Amino acid sequence: MTIHLVKPMRWLLLGWALCGTAFAGDWTLSRFEGRDYVPLGEIAKFYGLPAPPPVAHDLVVALPTPTPAPALNPTAAAAAESETAGNSIEPTGGPVVKLENGKMGLTVTLNSREAEINGVKQWLAFPTRVQDGQVLISRLDLSKVIEPRLRPEKVQGLKPVTTVVLDPGHGGHDKGAPCRYGYEKDFALDVALAARKLLEQQGIKVVMTRSADIFVPLHERAAVANGIKDSIFVSIHFNSATSNPGARGFEIYSLAPRGAPATNDGVFNIRNLREEPGNVVDTQSTALAGTVFHALLGNVPLPDRGVKHARFAVLRLCTQPAILVECGFVSNTAESALIGSGAWRSQVAEAIVTGVEGFKELAEQGHKPRLVVDYRHGAATVPQ
């Protein structure tokens, strides 16, 4: 592995301008595979985090070569295009560097895309690198992931939230994932209807992409939000992993930034470079995903599978901030029993609404959203 260092320079990151954040700084840039990387030590200093220790040489020698996520199989690829992916990657573990200052925290896994931001798992676009005892993070991840997740209140371009568009996945002949308690399409609709009631009680206008068991094409779902000024789009789904019946937990998706692969992509391809309609708000969508996910994990005790990127049709076609929430695995025996409970689905709906309200306060008043630790404060630990 060879990384070429370039002299320190002042750069007003093009990425910051594109994502709507105001940022400039002195960074030592490194170049690897055509991408710029920034030392973790400089990132830590900027955010007021403790300086990371140097990575020991013997540990570097033992580190595996960074590898991309496994490629989607044809079945999962088709699922990804039709709203949801059933081939979610699993954490591999490995040596980590953990930095905390009591107000925020950043943990990265060496030579991996696995990270944790403020106590919640985050999948980076590119693996971290190690060179000369330093951990390096891609400039794209710094601008499009770390900054809006650590400082969502600094994201520019946030607009008042006048309408929440709720999108229950599937419907009609598209039943979604099955389990002994029913179909994904019905669970998703039930959560969305419960969320609508709670939002309307708070005086927030809600529009549903479907409020009955009907089929709605993907492009029409995104078009609903695109036709409503100052709206946000929340798509609700339940997961399934037939090849891994033990898979469980929550995960959430926002649109992959231009130049970054989707989390479940196996390789970088030309599609990653294409500008999608939703890229105009991809950083705002990242802030929305983080805010809702903290509320979800902080209020419902289910494992954390992380904040991820995707190019699902409803995300890439939506020009308003948009997320897709996977509310657990119907393919998991224990989790499907929870999903089959109306009371539990109501709890999930309430948590999503709490996150939406937090994002509304962020967008309209600049209030920094609560973190998972703020919601839990001593609550029961996540079941394993």
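Predicted model: local features only at pLDDT ≥ 70, side-chain atom pairs only at ≥ 80, totals over all residues.
1. Residues are numbered from 1 along each chain as its sequence is written, and side-chain values use heavy atoms, with hydrogens and water left out.

2. The secondary structure of the chain amounts to 12 helices and 19 strands, where helices (H or I, at least four residues) and strands (E, at least two) are DSSP runs numbered from the N terminus. Of the 384 residues in the chain, 58% are buried; buried means under 20% relative accessible area, exposed over 50%, and partly exposed in between, with a 1.4 Å probe and protein chains only. The chain exposes about 15600 Å², and carbon and sulfur atoms supply 55% of that area, as computed by the Shrake-Rupley method with a 1.4 Å probe. Among contacts (heavy atoms within 4.5 Å) with a separation of 6 or more, 74% are between residues 24 or more positions apart.

3. Thr163 lies in strand E12, which covers residues 163-168. Is Thr163 buried or exposed? Thr163 has a relative accessible area of 3% and is therefore buried. Apart from neighbours within four places in sequence, Thr163 is in contact with Lys205, Val207, Ile228, Asp230, Ser231 and Ile232. Thr163 and Val206 are 43 residues apart in sequence, yet their C-alpha atoms are 5.6 Å apart in space.

4. Helix H6 (residues 184-201) packs with helix H11 (residues 342-365) at an angle of about 50°, and their axes are 8 Å apart; axes are lines fitted to C-alpha atoms, for helices over the stretch in contact, and angles run from 0 to 180 degrees between N-to-C directions. That angle makes H6 oblique to H11, since angles under 35 degrees count as roughly parallel, over 145 as roughly antiparallel, 65 to 115 as roughly perpendicular and the rest as oblique. The contact involves Phe187, Asp190, Val191, Ala194, Ala195, Leu198 and Leu199 of H6, together with Arg345, Val348, Ala349, Glu350, Ile352, Val353 and Val356 of H11. By class, the residues of this contact of H6 with H11 are 11 nonpolar, no polar and 3 charged, with Ala, Val, Leu, Ile, Met, Phe, Trp, Tyr, Cys and Pro counted as nonpolar, Asp, Glu, Lys and Arg as charged, and the others, Gly among them, as polar.

5. Helix H2 (residues 40-47) and helix H5 (residues 139-150) pack at an angle of about 30°, with their axes 12 Å apart, so H2 is roughly parallel to H5. From H2, Ile43, Phe46 and Tyr47 meet Leu142, Ile146, Glu147 and Leu150 of H5. The contact of H2 with H5 has 6 nonpolar residues, no polar ones and 1 charged.

6. H5 is mostly covered, with 11 of its 12 residues buried; the buried residues include Asp141, Lys144, Glu147 and Arg149. H5 also packs with helix H8 (residues 282-299) at an angle of about 50°, with the axes 9 Å apart, so H5 is oblique to H8. Here Lys144, Pro148 and Arg149 of H5 meet Asp282, Thr283, Thr286, Ala287, Gly290 and His294 of H8. The residues of the contact of H5 with H8 divide into 2 nonpolar, 4 polar and 3 charged.
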